[in-house]
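User: I am new to this structure and would like to know what the terms used for it rest on. Please go through them one at a time.

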Amino acid sequence: MNWTLEVVVVPVTDIDRARAFYEGGLGFHVDHDLQMGGGRRLVQLTPPGSGCSIVLGPQPASMPPGSLQGVQLVVNDLRAAREELLARGVDAPEIQVLGGPPRPATPDDDLNHVGFLFLKDPDGNGWAVQQISARP
């Protein structure tokens, strides 16, 4: 039996601001933007090439905005991904190399499996972007 991860709920304070960040900043595709009645709204977005989406909208009370931490995206070229984010106006800090004491990446580093970029959305939800360009 396959168990697939399909949706991650991202707790936010302002759906329009969050949609602008994930769609315009990170390049996620908008799958749905639905009015659910009672003034509630749900927006589902999917990262390019991903089988898992995120949902912005009504959250459980146990998930205050900014409480989601550690969700990880994977790209095959972290340097190019960072340049793309910067071009879209996203605050994309320096790439870090993990696998020992964390340190800033150098141009000569092979980032496969060890290169990471850590981002925050406007509410402080934390994302990691890892480079995996070859799998064993």
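User: What makes β3 and β4 a pair, and which way do they run?

Analyst: This is a predicted model, in which local features need pLDDT of at least 70, side-chain atom pairs count only at pLDDT 80 or more, and totals for chains, interfaces and linings use all residues. Residues are numbered from 1 along each chain as its sequence is written, and side-chain values use heavy atoms, with hydrogens and water left out. Strands (E, at least two residues) and helices (H or I, at least four) are DSSP runs numbered from the N terminus. Two strands pair if DSSP finds at least two bridges between them. Strand β3 (residues 40–46) and strand β4 (residues 53–56) are joined by 3 bridges, so they meet the rule of at least two. They run antiparallel, and L45 stands opposite I54 in β4.

User: Why are β1 and β2 said to stand at the edges?

Analyst: The order in this open sheet of 4 strands is β1-β4-β3-β2, with mixed pairing. β1 (7–10) and β2 (29–37) each have a single partner strand, so one side of each is without a neighbour in the sheet.

User: Which strands does helix α1 lie across, and at what angle does it run to β3?

Analyst: Helix α1 (residues 15–25) lies across β1, β2, β3 and β4, where contact means heavy atoms within 4.5 Å. It runs at about 5° to β3; such angles run from 0 to 180 degrees between N-to-C directions, with axes fitted to C-alpha atoms, for helices over the stretch in contact.

User: What makes the pair of F28 and W127 edge-to-face?

Analyst: Rings of Phe, Tyr and Trp (its six-membered ring) pair if their centres lie within 6.5 Å; planes under 30 degrees apart count as stacked, over 60 as edge-to-face and the rest as tilted. F28 and W127 are 6.4 Å apart centre to centre, with 85° between the planes, so the pair passes the limit of 6.5 Å and the angle is over 60. F28 lies in the loop between α1 and β2 and W127 in strand β9, so the pair ties together parts that are 99 residues apart in sequence.

User: How many residues of the lining of the largest pocket are nonpolar, polar and charged?

Analyst: The lining has 18 nonpolar, 6 polar and 3 charged residues. Ala, Val, Leu, Ile, Met, Phe, Trp, Tyr, Cys and Pro count as nonpolar, Asp, Glu, Lys and Arg as charged, and the others, Gly among them, as polar.
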